[in-house]
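The following exercises are to be worked with the sequence and the structure at hand. Each task is followed by a solution in steps.

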Amino acid sequence: MNILVVSDTHGDIEKAVEMYGRVNGELTSPEGRSKKIDLIIHCGDYQRDASALEQRVNVPVVSVPGNCDRCFERSFQIVSAPSGNILVTHGHMENVDRDMSGLVYLAEENGCNAVCFGHTHIPVNTEFDGVHLINPGSLTRPRDMTNGSCAYIVSDENSFQSKIVYYDPSSAPKKKAQGGFLRGLLNWSDGQ
């Protein structure tokens, strides 16, 4: 199963439509056969963008509301994938801008081995305590000094793989960020 993940489109789906075309055009199986995106996950802000995206690209879209959709209660969907269930939430009610442990607990409570979320507009692709955490960032309002990003998931019976895809690959960070705020200060002061 091939899944494109977007979030925080905030009323502008043009880059999401473009990235769907780009990613869809680059997919091939190990045998060289063409593959296609089976599903799009939209992690909120704005949920109405998910419906518009579904109409534009004619692929099913699973979506959740975000804080800009005036959703102030826990809201999530569960996507069944070959490698296990994926929990989809915006993340604002789980305080993802401070700590991602709430996502891990929510995934575990609901029998999911992965979580797709948004809200911070900053991409994340990591694993914690056996749970994959994927935030595609934002294509329209990125907060990571790039030109935007989305994520791509490949799920089959034997594996789960996820990747952040940058709208402009030359704007992608050159090295993976490590640690938190203090580590960032130390790296900044070292000139790294």
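**Exercise 1.** Determine which ring Arg48 lies over, and at what distance from the ring centre.

Solution. A charge sits over a ring if NZ of Lys or CZ of Arg is within 6 Å of the ring centre and within 35 degrees of the ring normal. Arg48 lies over the face of Tyr46, 4.4 Å from the ring centre. Arg22 is likewise placed over the face of Tyr167, at 4.6 Å. The model is a predicted one, in which local features need pLDDT of at least 70 and side-chain atom pairs count only at pLDDT 80 or more, while totals for chains, interfaces and linings use all residues. Residues are numbered from 1 along each chain as its sequence is written, and side-chain values use heavy atoms, with hydrogens and water left out.

**Exercise 2.** State which residues of helix α2 are buried and where they lie around the axis.

Solution. Helices (H or I, at least four residues) and strands (E, at least two) are DSSP runs, numbered from the N terminus. Buried means under 20% relative accessible area, and exposed over 50% (1.4 Å probe, protein chains only). In α2 (residues 47-57), the buried residues are Asp49, Ala50, Leu53 and Val57. Viewed down the axis of α2, they fall within an arc of 105° (taken from the directions from the helix axis to the C-beta atoms), so they line one face of the helix. On the other side, Arg48 and Gln55 are exposed.

**Exercise 3.** Identify the elements against which the buried residues of α2 pack.

Solution. With contact meaning heavy atoms within 4.5 Å, these residues pack against β1, α1, β2 and β3. After α2 comes Asn58, with a positive phi near 60°.
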